[in-house]
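Please look over the sequence and the structure shown here.

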Amino acid sequence: MNAVEVRDLAKTYRNGVEALRGISFEAGSGSVFGLLGPNGAGKTTAVRILCTLSSPTSGSARVAGHDVVRERRRVQENIGYVAQGSTVDPEATGRENLMLQGRLQRVSRDALDERADRLLASFGLTEAADRRVQGYSGGMKRKLDLAMGVVHGPRVLFLDEPTTGLDPEARRSVWRELTRLTREEELTVLLTTHYMEEADLLSGRVAILDAGRIVARGSPDGLKSDIRGDRVTVELEDEDRTEEAGTVLRGLDSVVDAATDPESGLLHAHVTHGARAVPDLVAALERSGLTVAEVALSRPTLEDVYLEATGQTFEEAAEAAGDGEDAGVRA
Amino acid sequence: MSRLLRFARDLGPLYLREVRYSLRIRAYLVMSIVQPILWLILFGQLFGAVGRLPEFEDATYLAFLTPGLAVMTASWSSAYAGMGVIRDLDRGIFDRLLATPVSRTALIGARGLHSATVVMLQALIILGTAFALGVRPPGGLEGVAAVLAAAALLGAAFGGASTGLALVVRKEETMLALTNFLVLPLLFLSSLLITRELMPEWMARMAAFNPVDWAVTFGRAGFRGQGWSAYGTELLLLALFAATCWILAGRSFARFRRRE
Ligand SMILES: Nc1ncnc2c1ncn2[C@@H]1O[C@H](COP(=O)(O)OP(=O)(O)OP(=O)(O)O)[C@@H](O)[C@H]1O
Ligand SMILES: [Mg+2]
């Protein structure tokens, strides 16, 4: 059975913004589904609709078998929701936050004490449990958010950018906890992220969302292998001539496409056959008097999947969205 | 689970959260206790001489002022109940709770209950201070009960109105400006500090439509031991007003949940 089923879901906000333009996907029970997309793609909008906090303009969605518009209460009984920003109560202690959430999710009192202890321990919060949350670090707050999201043992857990804003260490530890949770509990997870690495690492299936539309979907490996060829990254001795080098490469048969990144001064080329293309490529550049400082060959990443589907990089898309980093953080 | 059962289950934990909050914010706690005492002393001293005018039937101005100040404190502290709503909105706590099956009535009802508790405690502090300053309620225990009921009803009403307003404006600054703008005139367009006989004609007439004045009239008549006939109408009006405020708050909450 599918824990989440989304059909032609569309959402136009009152201000006229078309945040979702008809998306469809499903997440099988017990799986981790990643919704990947740049700022402003519509990830939060989708999650808020699935968690009954927002209504779709058209289309439908079922969560744990219940319609998100007509059976709101049923949906609410079956889900855990961890919002994009932390939503802990800073005036309460970690344990109090967890206990209140559990009570309101109708966990019985006896079961709750035990459950809270266990969750606090597994998230490494036992020591801080009886301190007020306002003194917690960002990572600790995020872990508490997660613990609160699963305190009642939901069937479907929604995580909206669970690690954005965390330092690499905290991010890895949240990933560890998530992996453990999905292994130990019978849980379906729908997580949104704009970290390719995160989607790749955690999810069995991903959908890439761009400007309210799904532009690619499948397993991370499947998506990557759908892209023919490899990626070659070139660094020139003379960074100012990167554009010129791009033109040279685009003229070669073995190069499908080449793009320059003005920020890093790097040249990214999409080639049909990495091993054979690299010598050609270097030779061609040298012939034009361009000295190569470094060449790296890599398998495609989800970023490349995105680039292939939309013709722009993630960063470009986020900038084009106009509202930058904090778009919809808590709209 | 029935609505009522869910309400009963959820009200307790949510109410305790409000109580915990007001106990933990030290400044809030101190202010809530010191302010009513300060007002009683300041206003009592400032207008002491006025109390000797023939229009005042109480033993002292302080005795006249005591029920009024209980109502004033109640209006003041509950009118800001909506600030707590906005705080929770900004922190994403409201949305987190709305994604659970929690009783929606309990979610805002807990705030009303908390408002009423706070203002009753403050009214008790005022009554205690007045007692220490020599004020004896002619109405005895009935008088004390009337003052507490007046404060609680008005507190609950303003708490509801403020909650409803907060869910519409959703912005701290707007909320503060509106509350300040609305509450002060209501307080001064009443017989809180001065008898109706001493007010200008137009003000006295407006006061008749002012819930603060209903609460003052009801609390004061009870405090004086004048009996039901003296305050029945005001009590009824006040109860209706409180009910209306909460119906509006409920409407505004329902609208808030459909905002997206
Ligand atoms: N409440 C709202 N009212 C109006 N427009 C909104 C609202 N929430 C989001 N939007 C707009 O809808 C679009 C999608 O926003 P959404 O928050 O769903 O994106 P996102 O993928 O979650 O982005 P991010 O990675 O920045 O969190 C954006 O253009 C945003 O400005
Ligand atoms: Mg978002």
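The shell around ligand 1 is made up of 7 nonpolar, 9 polar and 4 charged residues (Ala, Val, Leu, Ile, Met, Phe, Trp, Tyr, Cys and Pro count as nonpolar, Asp, Glu, Lys and Arg as charged, and the others, Gly among them, as polar). This is a predicted model, in which local features need pLDDT of at least 70 and side-chain atom pairs count only at pLDDT 80 or more, while totals for chains, interfaces and linings use all residues. Residues are numbered from 1 along each chain as its sequence is written, chains are lettered from A and ligands numbered from 1 in the order in which they are written, and side-chain values use heavy atoms, with hydrogens and water left out.

**Ligand 1**

- Ligand 1 lies between chains A and B.
- Of the 20 residues around ligand 1, those that come nearest are Asn39(A), Gly40(A), Lys43(A), Thr44(A) and Thr45(A) (a residue is near a molecule or strand if one of its heavy atoms lies within 4 Å of it).
- Helix α1 (residues 43-50) of chain A gives the largest share of this shell, 3 residues (helices are DSSP runs of H or I with at least four residues, strands are runs of E with at least two, and both are numbered from the N terminus).
- A polar side-chain atom of Lys43(A) lies 2.7 Å from an oxygen atom of ligand 1, and an N or O atom in the side chain of Thr44(A) is 2.7 Å from an oxygen atom of the ligand.
- Asn15(A) has a polar side-chain atom 3.4 Å from a nitrogen atom of ligand 1.
- The protein buries 86% of the 640 Å² that ligand 1 exposes when taken alone (accessible areas come from the Shrake-Rupley method with a 1.4 Å probe).

**The sheet of 4 strands**

- This open sheet of chain A has the order β12-β13-β11-β14, with antiparallel pairing (two strands pair if DSSP finds at least two bridges between them).
- β12 (255-261) and β14 (292-298) of chain A each have a single partner strand, so one side of each is left without a neighbour in the sheet.
- On average, neighbouring strands of this sheet are turned by 20 degrees against each other, direction ignored (axes are lines fitted to C-alpha atoms, for helices over the stretch in contact, and angles run from 0 to 180 degrees between N-to-C directions).
- Strand β11 (residues 230-236) of chain A is joined to β14(A) by 6 bridges, and Val232(A) has Leu297(A) as its bridge partner in β14(A).
- β12(A) and β13(A) pair over 6 bridges and form a hairpin with 4 residues between them, where Gly265(A) in the turn has a positive phi of about 75 degrees.
- Helix α10 (residues 274-287) of chain A lies across β11, β12, β13 and β14 of chain A, at about 160 degrees to β14(A) (contact means heavy atoms within 4.5 Å).

**The sheet of 6 strands**

- This open sheet of chain A has mixed pairing and the order β6-β7-β8-β3-β9-β10.
- β6 (79-82) and β10 (213-218) of chain A stand at the edges, each with a single partner strand.
- Strand β9 (residues 205-210) of chain A pairs with β10(A) in the antiparallel sense over 5 bridges, and the bridge partner of Asp210(A) in β10(A) is Arg213(A).
- Helix α5 (residues 138-150) of chain A lies across β6 and β7 (156-160) of chain A, running at about 165 degrees to β6(A).

Conventions. Polar contact = N/O pair within 3.5 Å; in protein donor to acceptor, adjacent residues only side chain to side chain.
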